[in-house]
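I have kept each point to one topic.

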Amino acid sequence: MSKSIIVIGGGAIGLCCAYYLVRAGHRVTVLERGGPHHDCCSLGNAGMVVPSHFEPLAAPGMVGYGMRMMLRKNGPFGFKPSLNADLVRWGWLFARSSTAANVERGSRLLRDLNMASRTLYQEMAEASDDAFGLEECGLVMLCATQKGFDAESKLADHARSLDLKVRVLDRGEVEDLEPTTRLKAAGAVHFLDDCHLNPVALVHWLQEETKRLGVEHVFSSAVTGAKVENGKVKALQTSTGDVAADEYVLAAGAWSGQLAKRLGFRMPMQGGKGYSSDLPVSVPPKHCFILVEARIAVTPIGDRLRFAGTMEIVGDDLSVNLRKHQGILNSIPSYMPDFAPEDFSELGVWSGLRPCSADGLPYLGRPSHLSNLIVATGHSMMGVSMAPVSGKLVANLVGEEKLEFEIGVLKPDRFS
Ligand SMILES: Cc1cc2nc3c(=O)[nH]c(=O)nc-3n(C[C@H](O)[C@H](O)[C@H](O)COP(=O)(O)OP(=O)(O)OC[C@H]3O[C@@H](n4cnc5c(N)ncnc54)[C@H](O)[C@@H]3O)c2cc1C
């Protein structure tokens, strides 16, 4: 049965929801508070599709590691100290979730969702005549230190036990990997199932394709609240008036936690701020990389190399911390000696907020008390990677179809 659906948020997640919903025969409207050329986290990210990221962010040792890194003013992690109750509760829940049981519970599901997304991206690339430059040559985790290499090799063993394809490379094999870009490392792990794409081209294609399929895009319309009656959303209140539909999808990225509160449930969310800069290069490398100890992602996008990194837990503060960004730049030559921090001095710095849940798992599904709302958010550092599968699952939920995956652990009100 064809339903009217309003999707809140025009980032990669909201657009993928719209894409699969309209293809399933529904009448879809996307409400976006920004204009047609608005910025969002889905644009300046590193564009990696990452079955390799099967361990949730909330894992044993993560809290201690994050604390140590935070003491380094230009380190890759940060936390804006505040007595804000949402931040304090999020931090407490994150610490409580950083257990082996959380990793065990999440790993297979994250692998499956990322692998399913990979397949859906292959289909989209074919349907779009490769509109967003999907490259299927894996992700190389470059380790500057033996300690980093040992830890990454352990992760490779875990990945193999989950049937992911992995190669461990020694120093010489790393040096031979790219014909035109010099690489320096104690060793590397090559996750062969991973891919990369151009995130700006992806968002642009999704906007155009959904429009072509009949989705209505309403820009400059911010959802401010909702009328809820008898366990149903009756209407959304927006900056441009009230709007109503049969079903609603909450996909407003890092701001979804605030909207959840207005819809009557708690969904702890923090923005995990990251930065990126694009460096023009004459011959880009073929692979995408993560510079492991520095936590920097490097992605070839056309004739540029995108360097992206830092994770500062900041609520919704998008200001640029230049010291943190300089930390990214200073680490690059230890892995890629062809590049120096000065190469970036004339380049702009983009900042974006990853929607971070309190246990590193997305919020996906229906909250218990609202029968016509579906949530799709909280993907943290994997929102591009998991956008297609999230969109498809949302369409399956609307159609009351059997789901390919058991997603009970992703329930959006699991912390209520
Ligand atoms: C530096 C960096 C590198 C990253 N690299 C990768 C990567 O390699 N691979 C990967 O998978 N992920 C990566 N990510 C994470 C990824 O970018 C995010 O997970 C993803 O973009 C989140 O998408 P989204 O649609 O949920 O949120 P967004 O892209 O933020 O979109 C949410 C939209 O909702 C709108 N909105 C908010 N509130 C309202 C409201 N009240 N009413 C109407 N509209 C509203 C916003 O304007 C926005 O357009 C990276 C992130 C960063 C910062």
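1. Angles under 35 degrees count as roughly parallel, over 145 as roughly antiparallel, 65 to 115 as roughly perpendicular and the rest as oblique. Axes are lines fitted to C-alpha atoms, for helices over the stretch in contact, and angles run from 0 to 180 degrees between N-to-C directions. Helices (H or I, at least four residues) and strands (E, at least two) are DSSP runs, numbered from the N terminus.

2. The model is predicted, with local features needing pLDDT of at least 70 and side-chain atom pairs counting only at pLDDT 80 or more, whereas totals for chains, interfaces and linings use all residues. Residues are numbered from 1 along each chain as its sequence is written, and side-chain values use heavy atoms, with hydrogens and water left out.

3. Helix H5 (residues 100–127) and helix H11 (residues 387–398) have axes that come within 7 Å and cross at roughly 95°, and the two helices are therefore roughly perpendicular to each other. In contact (heavy atoms within 4.5 Å) are Leu113, Ala116, Ser117, Leu120, Tyr121 and Met124 of H5 with Ala387, Pro388, Val389, Lys392 and Leu393 of H11. By class (Ala, Val, Leu, Ile, Met, Phe, Trp, Tyr, Cys and Pro nonpolar; Asp, Glu, Lys and Arg charged; the others, Gly among them, polar), the residues of this contact divide into nine nonpolar, one polar and one charged.

4. The axes of H1 and H11 also come within 7 Å, crossing at roughly 45°, which makes H1 oblique to H11. The crossing of H1 and H11 is right-handed, where right-handed means that the near helix is turned clockwise from the far one by less than a right angle, and left-handed that it is turned anticlockwise. Residues of H1 including Ala12, Cys16 and Tyr20 meet residues of H11, among them Ala387, Pro388 and Lys392, and this contact has 11 nonpolar, two polar and one charged residues.

5. Helix H1 (residues 12–23) packs with helix H8 (residues 199–213) at an angle of about 30°, their axes being 10 Å apart, and H1 and H8 are therefore roughly parallel. H1 passes H8 in a left-handed crossing.

6. Around the ligand there are 38 residues, the closest being Glu32, Ser42, Met48, Ser380 and Ser385, where a residue is counted if one of its heavy atoms lies within 4 Å. Among the polar contacts (pairs of N or O atoms within 3.5 Å), a polar side-chain atom of His38 lies 3.3 Å from a ligand oxygen atom, and a polar backbone atom of Val223 is 2.9 Å from a ligand nitrogen atom.

How values were computed: Polar contact = N/O pair within 3.5 Å; in protein donor to acceptor, adjacent residues only side chain to side chain.
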